[in-house]
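Please keep the structure open beside the text as you read.

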Amino acid sequence: MKNIALTVRLQSEKENCFCACLDVGHCAVTGHDPVKAIYALGDRLEAVHMHDTDYKRDMHTLPLTAQMDHYAIARALKKSGYSGDYTLEADTFLERFAPEFHQDALMFMGVLCLFYIIYVVVEYWPEIVEGFNRGWSGE
């Protein structure tokens with residue numbers, strides 16, 4: 001948490017000069033707890049990149065397909081009052097499938113994303129919906 005503590009200290013010295021984008025997978029693979037990072041960053045947290053990892057590799061795979069506790073992360077975001085942007089990342093998800101299975105894998109990806117949004121993200125509805133809406137509209 002050294003880097004997060006430094007960021008928070010810098011932010012407190014110059015008000016409103018910094019905001020943060022927390023990539024939960026990068027946080028995890030560097031040995032940091034994403035939940036603690038959410039609380040440490042506080043109201044400076046304005047964007048979250050959500051993906052999954054095994055805590056060893058920067059997998060960038062679909063949430064709920066590796067080892068991270070996305071429910072704990074969602075609860076921390078809700079408790080901290082987070083209302084910023086929220087990006088689901090899964091840019092390596094298809095790599096584990098042979099090309100002939102990509103269409104089925106994409107369908108699974110879509111269903112899992114809907115499940116994720118309904119059963120994980122909705123836990124702190126409606127604040128996060130505004131972040132999704134900003135992403136969809138390109139604001």
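C21 is partly exposed, with a relative accessible area of 45%. This value, like everything below, comes from a predicted model. C19 is also partly exposed, at 48%. A pair would need its sulfur atoms within 2.5 Å. C19 is likewise in no disulfide, and a search of the whole structure finds zero of them.

Now for the overall layout. The chain has six helices and three strands, and from the N terminus on these elements run α-β-α-α-β-α-β-α-α. Of its 139 residues, 38% are buried. Among contacts with a separation of 6 or more, 71% join residues 24 or more positions apart.

The largest nonpolar core holds 23 residues, and those touching the most other members are L22, L45, V48, M50, I73, L77 and Y86. Strand 1, helix 2, helix 3, strand 2 and helix 4 each give two or more residues to this core. Helix 4 supplies the largest share, five residues. Another core, of seven residues, lies apart from it and includes L62, F93, M109 and C113.

Which of its residues are buried? They are A105, M109, L112, C113 and Y116. An α-helix has 3.6 residues a turn, so residues three or four places apart point the same way. On the other side of helix 5, Q103, D104, M107, V111, L114 and Y119 are exposed. The cover over the buried residues of helix 5 includes strand 2 (45–50), helix 4 (70–79) and strand 3 (85–88).

Y86 lies in strand 3 and is buried, with a relative accessible area of 5%. The side chain of Y86 makes a polar contact with the side chain of Y116, a buried residue of helix 5. Y86 and M50 are 36 residues apart in sequence, and both are among the core residues that touch the most other members.

How buried is T53? Its relative accessible area is 0%, under the 20% cut-off, so T53 counts as buried. A polar atom of the T53 side chain lies 3.3 Å from the backbone nitrogen of Y55. Leaving aside neighbours within four places in sequence, T53 is in contact with G25, A28, V29, M59, A66, Q67 and M68.

For quick reference, here are the distances mentioned for individual pairs, with the atoms concerned.

| Pair | Atoms | Distance |
|---|---|---|
| Y86 and M50 | C-alpha to C-alpha | 7.2 Å |
| Y86 and Y116 | side chain to side chain, polar contact | 2.6 Å |
| T53 and Y55 | side-chain polar atom to backbone nitrogen | 3.3 Å |

Note on methods:
Residues numbered from 1 in each chain as written. Predicted model: local features only at pLDDT ≥ 70, side-chain atom pairs only at ≥ 80, totals over all residues. Heavy atoms only, no water. Buried < 20%, exposed > 50% of the residue type's maximum accessible area, 1.4 Å probe, protein only. Helix = DSSP H or I, 4+ residues; strand = E, 2+ residues; numbered from the N terminus. Contact = heavy atoms within 4.5 Å. Polar contact = N/O pair within 3.5 Å; in protein donor to acceptor, adjacent residues only side chain to side chain. Core = buried A, V, L, I, M, F, W, Y, C linked by side-chain atoms within 4.5 Å.
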